[in-house]
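Try each task before reading its solution.

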Amino acid sequence: MTTAERTAPPDTLTVPASRAPGCPFDPAPAVADAARTEPITRATLWDGTPCWLVTGHQDVRTVLGDPRFSADGLRPGFPFLTAGAREVIGQKPTFIRMDDPGHAKLRRMLTAEFMVKKVEAMRPEVQHLADDLLDRMTAGRNSADLVREFALPLPSLVICLLLGVPYEDHEFFQERSGILLALRSTPAEAKAALDELVEYLTRLAQAKRERPDDGIISRLVARGELSDGEIASMGRLLLVAGHETTANMTSLGTLALLRNPDQLARLRAEPALIKGAVEELLRYLTIVHNGVPRVATEDVVLGGSTIRAGEGVLCMINSANRDATVFPEADALDVARDARRHVAFGFGVHQCLGQPLARVELQIALTTLLRRLPDLRLAIPYEEVPFRGDMQIYGVHSLPVAW
Amino acid sequence: MRIHADQEKCCGAGSCVLAAPDVFDQREEDGIVVVLDPAPPAALHDAVREAAAICPAAAITVTD
Ligand code: SF4
């Protein structure tokens with residue numbers, strides 16, 4: 001591609017798009033505008049590469065469900081959202097950046113670990129962890145940072161337990177996972193963080209070979225189909241994905257409820273609404289806010305546009321989840337609506353593997369928080385909440401609350 | 001109503017089990033869908049249609 005082609009005209013939409021000014025719970029204003037005017041539109045990536053932006057609910061499902069749109073990060077034209085992501089995928093692709101049959105083979109080694117029945121059986125354990133964290137957070141105090149003391153440690157403890165990773169090392173991998181997900185990490189920083197994580201998990205896999213436990217890493221070792229390095233890459237994916245997503249849904253979800261007191265009151269009055277309320281928060285907030293990347297493998301006509309082979313496509317699941325043709329009054333948070341058709345976990349064969357676990361964690365985290373802290377409120381002015389526009393996973397960097 | 005679930009297509013994320021637990025389950029060994037009741041009673045038809053609509057892999061087909 002020539003330099004001339006890579007230079008964006010000044011008026012094209014650039015992704016990741018700036019979220020300011022606008023409501024911090026809504027998609028970036030430029031993306032929301034694009035969704036209103038044109039379902040499929042041209043955009044430019046941060047590095048000047050042109051790509052397609054798909055914003056409507058049906059079109060997003062079509063692209064994500066169609067094998068002519070590849071998830072293979074090594075294919076020419078694949079649209080990377082950050083320089084760090086491009087570096088990392090070139091190094092060690094995991095199955096989320098592969099196509100079938102390679103993707104299916106690796107993913108199926110894990111599907112049993114996250115199936116609904118198995119995860120449902122973990123409820124008492126997750127409940128116990130949630131209560132424990134809140135005991136500690138509230139002991140002798142009436143304010144705390146909800147992210148640091150509850151929203152992050154809960155999913156972190158759970159994924160460590162599942163994988164068989166010692167939680168004592170959480171600072172090490174939380175820091176690396178933060179670098180991997182920061183939009184402005186340089187390729188060198190991202191590579192270093194990736195290498196350190198993979199090296200750590202490779203050593204862990206070796207240790208499990210000698211002393212197996214009943215975690216996922218041990219079970220992958222016991223299958224004997226993957227090298228320790230491959231197991232480490234898979235473990236890295238689960239560890240990073242298990243941390244930041246649920247943590248940010250918990251804290252941002254809490255904030256969204258605090259900012260919508262009628263919805264909060266409704267949920268407090270009818271705790272049985274929690275399952276639907278979690279789906280609605282997933283729909284309304286959609287923290288994977290920069291789009292799900294794909295590259296066309298052949299020319300495809302979509303919504304009147306021809307997407308050519310080798311062109312990058314970003315599926316904006318956040319604007320798809322605000323599509324008013326599917327969700328009436330889509331921009332309103334309504335804990336009692338049926339939001340199950342949301343695509344917050346993606347769609348197609350790559351749809352989030354850990355979603356049953358995310359659901360159980362979110363249902364327990366929010367229910368326990370609301371039950372135990374009836375007077376929960378924000379401890380800083382709303383204008384001072386540090387939103388995570390600078391990360392691949394949206395949310396808040398911290399959430400000072402009082403009770 | 002007749003239900004068919006394509007186990008080759010299924011990616012095991014379990015949405016169908018949540019939408020219609022009386023009709024769908026997941027295989028113990030690999031989390032792949034199993035149909036518990038291929039001809040469910042009318043009371044379950046809406047839940048089954050919802051399950052088919054949210055199945056990310058389009059693995060569930062329903063014929064009336
Ligand atoms: S929703 Fe579809 S992909 Fe998921 S388990 Fe059920 S049949 Fe399989």
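**Exercise 1. A polar contact**

Which side chain does R372(A) join through a polar contact of 2.7 Å?

Solution. The model is a predicted one.

Step 1. Locate the residue: R372(A) belongs to helix 17 (residues 355-372) of chain A.

Step 2. List its contacts. Leaving aside residues up to four places away in sequence, R372(A) touches D131(A), L134(A), D135(A) and T138(A).

Step 3. Pick out the polar contact. The side chains of R372(A) and D135(A) are joined by one of 2.7 Å.

Step 4. Check the separation along the chain. R372(A) and L134(A) are 238 residues apart in sequence, yet 8.2 Å separates their C-alpha atoms.

Step 5. Classify the exposure. Buried requires under 20% relative accessible area and exposed over 50%. R372(A) has 26% relative accessibility, so it counts as partly exposed.

**Exercise 2. Aromatic pairs**

Classify the ring pair F25(A) and F387(A), and then the pair F78(A) and F80(A).

Solution. A pair of aromatic rings is described by the distance of the centres and the angle of the planes.

Step 1. Note the total: there are seven aromatic pairs over all chains.

Step 2. Take the pair F25(A) and F387(A). The ring centres are 6.3 Å apart and the planes stand at 85°; angles over 60 degrees count as edge-to-face, so this pair is edge-to-face.

Step 3. F25(A) is in the loop between strand 1 (14-15) and helix 2 (29-37) of chain A, and F387(A) is in the loop between strand 10 (377-378) and strand 11 (400-402) of chain A, so the pair ties together parts 362 residues apart in sequence.

Step 4. Check burial. F25(A) has a relative accessible area of 4%, so it is buried.

Step 5. Take the pair F78(A) and F80(A). With centres 5.0 Å apart and planes at 55°, the pair is tilted. F78(A) is buried at 6% relative accessibility, and F80(A) is buried at 11%.

Step 6. Look for charges over rings. The charged end of R259(A) sits over the ring of Y382(A), 3.3 Å from its centre. The charged end of R283(A) sits over the ring of F327(A), 5.2 Å from its centre.

**Exercise 3. The nonpolar core**

Which residues touch the most other members of the largest nonpolar core?

Solution. In soluble globular proteins, nonpolar side chains tend to be buried together.

Step 1. The largest core has 96 residues, and F150(A), V165(A) and I217(A) touch the most other members.

Step 2. Find the main contributor. Helix 13 (residues 228-259) of chain A gives the most to this core, with 14 residues.

Step 3. List the contacts of one central member. Apart from residues up to four places away in sequence, F150(A) touches partners including A130(A), M137(A), P155(A), T250(A) and L369(A).

Step 4. Look for another core. A second, separate one of 22 residues includes I3(B), A20(B), F24(B) and V33(B).

**Exercise 4. A helix of chain B**

How many of the 10 residues of helix 2 (residues 45-54) of chain B are buried?

Solution. 

Step 1. The buried residues in helix 2 of chain B are H45(B), V48(B), E50(B), A51(B), A52(B), A53(B) and I54(B).

Step 2. Seven of the 10 residues are therefore buried, and the helix is largely enclosed by the rest of the structure.

Step 3. Ask what covers them. The cover of these buried residues includes helix 3 (57-64) of chain A, together with elements of chain B, among them strand 1 (2-5) and helix 1 (15-19).

Note on methods
Residues numbered from 1 in each chain as written. Chains lettered and ligands numbered in written order. Predicted model: local features only at pLDDT ≥ 70, side-chain atom pairs only at ≥ 80, totals over all residues. Heavy atoms only, no water. Phe/Tyr/Trp six-rings, centres within 6.5 Å; stacked < 30°, edge-to-face > 60°. Helix = DSSP H or I, 4+ residues; strand = E, 2+ residues; numbered from the N terminus. Buried < 20%, exposed > 50% of the residue type's maximum accessible area, 1.4 Å probe, protein only. Lys NZ or Arg CZ within 6 Å of the ring centre and 35° of its normal. Core = buried A, V, L, I, M, F, W, Y, C linked by side-chain atoms within 4.5 Å. Contact = heavy atoms within 4.5 Å. Polar contact = N/O pair within 3.5 Å; in protein donor to acceptor, adjacent residues only side chain to side chain.
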